[in-house]
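Here are a few exercises to work through with the model open in your viewer. Try each one before you read the solution.

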Amino acid sequence: MKIYEIPKDASEELQKKVADLLMGQMESIGRENAYELLMESLRLTLEPHSSAHIFVAEEKGDILGAAFLNIGISLTHGGRYIWLNDLYVHQEHRQQGIAKKLLLKIIYWAEHNGIKGIELETGISNAATKALYNSLGFYDVVSKRYGFRF
């Protein structure tokens, strides 16, 4: 299995494979125009100076999992940090360590690129995901996330 960051000049074929995988997550959210929203997000991510990145797990030409993140600047971290927006593994390939491999790649990449920390959000009742994050040294941060859409 190969874990890597999608290059900014990714082929249309690779972009479509990633979009097809991530549609599984978008469909569970139930957003209208999910595919169009996803494709626009991919387009923006792949712009040359974008602070967004996508890492994928690929095996035999199939994209089995993906992680989508943004780099921001944090006063509390004293520099750049990662906000892990999405970590998704295709249902048929779960419980095989793919999410852990993606996270380990991101942690390694972050350490070698001057990143000061990684933050994310997960569901309160998602015990398996919380166990994965805790096993890699993530810790609970008490907060309440708010959103606003235009």
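**Exercise 1.** With which residue does Glu40 form a salt bridge, and how far apart are the closest N and O atoms?

Some ground rules come before the solution. This is a predicted model, where local features need pLDDT of at least 70, side-chain atom pairs count only at pLDDT 80 or more, and totals for chains, interfaces and linings use all residues. Residues are numbered from 1 along each chain as its sequence is written, and side-chain values use heavy atoms, with hydrogens and water left out.

*Solution.* 
- Step 1: apply the cut-off, a side-chain nitrogen of Lys or Arg within 4 Å of a carboxyl oxygen of Asp or Glu.
- Step 2: Arg43 is the partner of Glu40, with 2.7 Å between the closest N and O atoms.
- Step 3: both residues sit in helix H2 (residues 34-45; a helix is a DSSP run of H or I, at least four residues), three residues apart.
- Step 4: shared partners join Glu40, Arg43 and Glu47 into one salt-bridge network.

**Exercise 2.** Find the salt-bridge partner of Lys17, then classify the accessibility of both residues.

*Solution.* 
- Step 1: Lys17 pairs with Glu13, the closest N and O atoms being 3.7 Å apart.
- Step 2: the two lie four residues apart in helix H1 (residues 12-29).
- Step 3: Lys17 has 30%, so Lys17 counts as partly exposed, while Glu13 has 55% and is exposed.

Definitions and conventions:
Buried means under 20% relative accessible area, exposed over 50%, partly exposed in between (1.4 Å probe, protein chains only).
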